[in-house]
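Please examine the sequence and the structure shown here.

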Amino acid sequence: MGFSWTRSFLLCFLVLLHYVYFPNAETFDYPTANLSTSWTNSPSLPHSVNFTDRSMVRAILLRGTFGPRFACGFFCNGTCDSYLFAIFIVQTNSVSYITSPAIGFPQVVWSANRNNPVGINSTLQLTSDGDFILKDADGTVAWSTNTSGKSVAGLNLTDMGNLVLFDHNNATVWQSFDHPTDSLVPGQKLVAGKKLVPSISLTNWTQLNLLSFSVTDEGSFASVESSPPQLYYESRVNDRTTNREPTYVTLQNGSFALFSNSSKASEPDTFKPIPKASSVQYARFGPDGHLRLYEWTTDGWTQVDDLLSSPGYECFYPTVCGNYGICSNGQCSCPTTTYFKQINDRRPDIGCSEITPLSCQASPNHSLIEFRDTTYFSVSSDLQNVDLEKCKEACSKNCSCKAAIFRYGSDSAKGSCYLPNQVFSLINNDKERTHYNSTVFLKVQNAPSPPAEAIAPQQKRKSRSTVILWSSLGTVSGLFLVIGIIVLLVWKKRNADIDEEDYLDQVPGMPTRFSYENLKALTDNFSKILGEGGFGSVFEGTLIDGTKIAVKRLNGVGQIKKSFLAEVESIGSIHHVNLVRLLGFCADKSHRLLVYEFMSNGSLEKWIFHQTHESALSWQQRKKIILDIAKGLTYLHEDCTQKIIHLDIKPQNILLDNKFNAKISDFGLSKLIDRDQSKVVTTMRGTPGYLAPEWLSSVITEKADVYSFGVVVLELVCGRRNVDHSQPEEQMYLISLFEKKAEEDLLFDLVYNCSEEMQLHKAEILKMMKVAAWCLQKDHAMRPSMSMVVKVLEGVREVEPNVDYNISNSSISTSSTQVTELLPFLLSGPR
């Protein structure tokens, strides 16, 4: 009987618990609404929350408790003079109150009226006949589902964030998932025929119709909505089969998946792995063309992936540097100051404008300007299996063509050609990443020449005037001549700097021209010095966007002016991953400054000659640095429009970034020669210890750089200077010692011995020393080209088998008394 009484008590308790506790729990959230319900956007509306980022929500529906949850209602940010009806993710507590105003900022994942925001006292109404209407305060309809008379029974916000109008059979009549804006939530399908379009910004909700991410039966695509569209991302479906279900993409837990032929949710046709969700995730298509994945963490909302990008491809977006801007490692510049100018000098990412707009009426004055090692984001092509000339010809004949983008793999006769009628951002082509060669030809407008028939009458009138003038002034002509000569000399002296400035404006590809006052501010009045030498000093600076720069300030005149012009001419218009990038220059009255990318690990010199045991470079790092230098020199010698001979290759002029990638710097002594020239006659220049024997004849080829490269390789392998006066006399000159050790078959004795790791790679190091000997041949014709050196270093071919180790040449390479050194910079930091 006791047992029966106990069981009866438990049953009564459970019944009471059901009727008392659960009904109250079910009222905590408010995910549904009935017909004939309305809400007014006013401070009196319940569930209004202000956030510290100046946004505010007034929720009308909320699904779930405790954690990130979906809600919908009125949303604003900033001044809150306009509002969206939106679905957003907010933080809630255990009784469905919206919380965390300091970090749980609402994330809008859908909006009804982003092109038509409403004001305070606007209303939402679910009418008795099933229409869901948003009206402004004056009664103007801003948005409607247009579902009147379609048997709507109510409104429901689902667990997945889908706002649904349903009928009496619980079937969907209308849902927000069918009308995507700029975001996707897990489980939502972006089906064929639908697309994501970004808003202009987080505070300007208007559609940015320039970009879209869409799905068709052929796959998913991101494009610039030009005419025709220009694709910058595609994921195509192979062998499309008949399928009752439309193609769609969706966010799954762990993947961004495309379904086309597959009928199983676990078997997408293609997918991109993404981090598995530990909390709520969503993806937003931004105004920069990125589709970013966000997740709620303990620190707030965090980006966890970029669904259309891979690391290193940040430049491959159409608006990253604006129209005509060239993107290189995240930096933006204009192609050439002759034909283009920056729209805003303080915002190079906004892009460049044509100085003279293209005109079809003046098409005879069009020309194509070549930019080697430059590519474009578009994955499309208009012509296949064509050569460069046919690609250029196709653009020249088509007035609407603004550029010819020519790309090819190993065979330049079988390239692809793309002919856009609008040019967005260009990209410095890193062939190691793209695995193709690329050249861009931009169409520009030249000023028309005056017709000959218009010139002739003027010349005749001028000729008559001249005769009359000289006949009347014959007696004083000598006096005027003397005065004219004096005035000309004074004018030339006063305008020498102006001429130089005007000349620099014509250098193709110069990115930015700075004023002296601007650079003074960017370097904090030149307060942080990185290094100094005979021509001046180098200072650390910071651009407005936080990017660090190195500013070289040249002192003096004469040779300084030549060095300045040589450097600007040499690298002002070229871009390569193994060349320190010249970001800009200043030619302001007597001031001459050069602005470079900042190289955080400084010069190679300090890592070879001043390192401690702990900071010694590993063999793999040394190998990589040698290969980087070789690639940089190959580009200068063989891939530029004009051949560039550097003439001062040495460790001080090799700079290292934060990942120890090596880049060649300091082109102050370089020489530009035409590609059809095999040699150049020039005065002796460079640094003792790195000079090739042919400097005695002053007849120089690019093989002088090959010789200097060989010296640097030896110094890297041996960990000492070529000329080291601290050594005993018999060991003072590394090349002489190298020759002696080669005869004794004891080359490995020279290898840097403070690193045990270096001792483990004897075969590789001896091969590298043989490469150095090949580059150090006395006869320049016996030295390899730098492209040949690259092939050897990459294992594509072998070193010349019969390398002569009789390479010492004390008269040039080792004697400092034979050369008047031009005091190059001896920097310990970036320059």
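Strand 15 and strand 24 (residues 281–285) pair in the antiparallel sense over two bridges; strands are DSSP runs (E, at least two residues) numbered from the N terminus, and two strands pair if DSSP finds at least two bridges between them. The model is predicted, with local features requiring pLDDT of at least 70 and side-chain atom pairs pLDDT 80 or more, while totals for chains, interfaces and linings use all residues. Residues are numbered from 1 along each chain as its sequence is written, and side-chain values use heavy atoms, without hydrogens and water.

**Sheet**
- The bridge partner of S183 in strand 24 is R284.
- An open sheet of four strands has the order 15-24-25-26, with antiparallel pairing.
- Strand 15 (183–184) and strand 26 (300–306) are its edge strands, each pairing on one side only.

**Nonpolar cores**
- A nonpolar core is a set of buried (under 20% relative accessible area, 1.4 Å probe, protein chains only) Ala, Val, Leu, Ile, Met, Phe, Trp, Tyr and Cys residues joined through side-chain atoms within 4.5 Å.
- The largest nonpolar core has 71 residues, and L604, I629, F709 and M769 have the most contacts inside it.
- Another core, of 46 residues, lies apart from it and includes V237 and C321.

Terms used. Buried < 20%, exposed > 50% of the residue type's maximum accessible area, 1.4 Å probe, protein only.
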